[in-house]
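Me: I have a structure to go through with you. I want to know what the terms rest on. Keep it brisk.

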Amino acid sequence: MNGSIFTRNKSVPIFIGVLFLFAIAVTVMSSAYGTGAISVSFTKVLGMTLCLCLAALAMDLVWGYCGILSLGHFAFFGLGGYIIGMWLMTARTEAVVRSNLAAAVIPPTQAEVSQATALQIFSIVGGQDWPWMWAASDSLVLTLVLVVAVPGLLALVFGWLAFRSRVTGVYLSILTQAMTLALSLYLFQNDTGLRGNNGLSGLQNIPGAETIGQDRISIWFFWASALALGAAYIASAWVVSGKFGSIIRGIRDDELRVRFLGYRVEVYKLFVFTLTGILSGIAGALYYPQAGIINPDEIAPIASIFLAVWVAIGGRGRLYGAVIGAALVSLLSTYFTGGRAPDVNLGFYNIEWTDWWPVLLGLGFVLVTLFAPKGLGGLVDYLGRKDKA
Amino acid sequence: MSTLLEVSGVSVSFDGFKAINNLSFAIGQPEMRAVIGPNGAGKTTFMDIVTGKTRPDQGTVRYGEMGVSLLSMSEAEIAQAGIGRKFQRPTVFEDQSVWDNLRVALKKPRGPFAALMDRVTAADRDRIAELAEEIGLTDALQRRAGTLSHGQKQWLEIGMLLAQDPRLLLVDEPAAGMTTQERNHTTEMLKRLAQTHAVVVVEHDMDFVRKLDCKVTVLHEGSVLAEGTLDHVIANERVIEVYLGR
């Protein structure tokens, strides 16, 4: 049973291989480094999809393996986005302000630049000073630390309170919904320092890379997202493969038995909850520079529910299922809600996909739950059996 | 033989119903004890109290040579202190192999980081093989526990109990759903265990209790009605009254 994770879990080499080939293919077809068959905006969609896959992977760890149906993991995703967004926006705005002031006779002092930058960013919500939470926004290193630390800390504190009190099942799900709703409503306020419903924008402009086109940046972020997903996949496969994996699956199936074996169930749950919160935060920090904008609507409760739907459709408790579900459903969503899907005219009724896609998705979720509880991943089992027969 | 577990004056009530009423009980190591009683006598609640699942309203539960109180300990701490429990309905991790079930139960550090870093040593392998032999599941080690028969699941759970290397075993209806042959094997296994461990067996089946050939405690309405050899307690008029109706 010992040995490398690549030999223990067959899905790891396959997944990494497929991901690598996919990344190569996209690069070869990109406009910056290849034929140009894939547009810059679609490259970004693909990169963002990989980030969503990463969040779904985290969701599978916490729900599919540990049985904690968290309906709040998108809050961590959004937090990661907001934190990287603060740095991006500060650096970008400061560069713009500097170039505007460059023509002035007396060179501006650092304080003046900082003051003008703050005014530029916050005048939209009637502010002119830096809010305290932007304190680290001028340092990339600190920002990257916070991308991991803030979602991790929120997950740690929330999880500690919930698991210590042995909140489980549907009550925990409701609590996590409340968490993401509360965070979203809080961020909607204009005076919280994160620009209320305007959110943070212009995040696609990477400081120090002004002269590099979006065509190249989109590929870089795509690769960064692919690397993060690949690394997280290997790490997740390692976490669930050994004794730890046995224990958390045991917690999912029979919490009491695990307790009576002498394991502190709440510590294990907290570990998984925090780890997956961090993974979601990293996914968000990679997603929003590609999306270009983040606002509080992103972490509305429905977003976290979608995350669970993806994992359910892809198949719980098998890692690659979550990735397949997230990729398929989010790409289909982009297609159907992007206005490119042709309407279906039935004569008496015109089906517009932008309206009917959510209905279709909901129906798909119900059907999967009822008839294919293993999700799309169940197909893999089915095909695997056929091969052997 | 010294006293390993001492329960004294324990009471617990649920919504006004006294499930356990001033119960006192003691067991030494090694010793085998059968606990019998009609439905609702408080047998399961008694186990819940000892294992930390239920907190009593009154009384003390002391364990070990130092007489530490179990009342302030969590289920996990109590289990780590050496009290193992087998449930009435066999509870094993059905989604995992027999081997994985036993591995999780093995006596090793219980923290998450230790579990992440855990490597299967040669000693672990030997111990699992030894346990599988004991519970007759050597050929089923790679099978999913969910595919085992009811009796095999009972044994697997007993095996997991043994893997923890506890000092006190609380075993709830170990022979339920077993064939006569399986029962005999279970009886032998428990008797062998009781030569070194403290074993409390909760049982309905009088034939099974007779085969265990040990001291019997009869519970009724949450307290001890009679204690002694099986022949002694079933001769007790109150016991007859309780079992046969008044």
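Reply: Strands E1 (residues 2-14) and E2 of chain B run antiparallel and are joined by 9 bridges. This is a predicted model, in which local features need pLDDT of at least 70, side-chain atom pairs count only at pLDDT 80 or more, and totals for chains, interfaces and linings use all residues. Residues are numbered from 1 along each chain as its sequence is written, while chains are lettered from A and ligands numbered from 1 in the order in which they are written.

Me: What makes E1(B) and E2(B) a pair?

Reply: Two strands pair if DSSP finds at least two bridges between them. E1(B) and E2(B) have 9. One bridge partner of B:Val12 is B:Ile20, in E2(B). Strands here are DSSP runs (E, at least two residues), as are helices (H or I, at least four), numbered from the N terminus.

Me: Why are E2 (17-29) and E5 (68-69) of chain B called edge strands?

Reply: The open sheet has 4 strands in the order E2-E1-E4-E5 (chain B), paired antiparallel. E2(B) and E5(B) each pair on one side only.

Me: What does B:Gly9 contact beyond four places in sequence?

Reply: B:Asn22, B:Ser24, B:Gln58, B:Gly59 and B:Thr60. A contact needs C-beta atoms, placed from the backbone, within 7 Å. B:Thr60 is 51 residues away in sequence, yet 6.7 Å away in space, C-alpha to C-alpha.

Me: How do you know that helix H9 (residues 243-253) of chain A is largely enclosed?

Reply: 9 of its 11 residues are buried, so the rest of the structure largely encloses H9(A). Among them are A:Phe244, A:Ile247 and A:Ile251. The cover includes helices H3 (40-65) and H8 (214-241) of chain A, and also H3 (98-105) and H4 (112-117) of chain B.

Methods. Buried ≥ 20, exposed ≤ 12 C-beta atoms within 10 Å, placed from the backbone. Contact = placed C-beta atoms within 7 Å.
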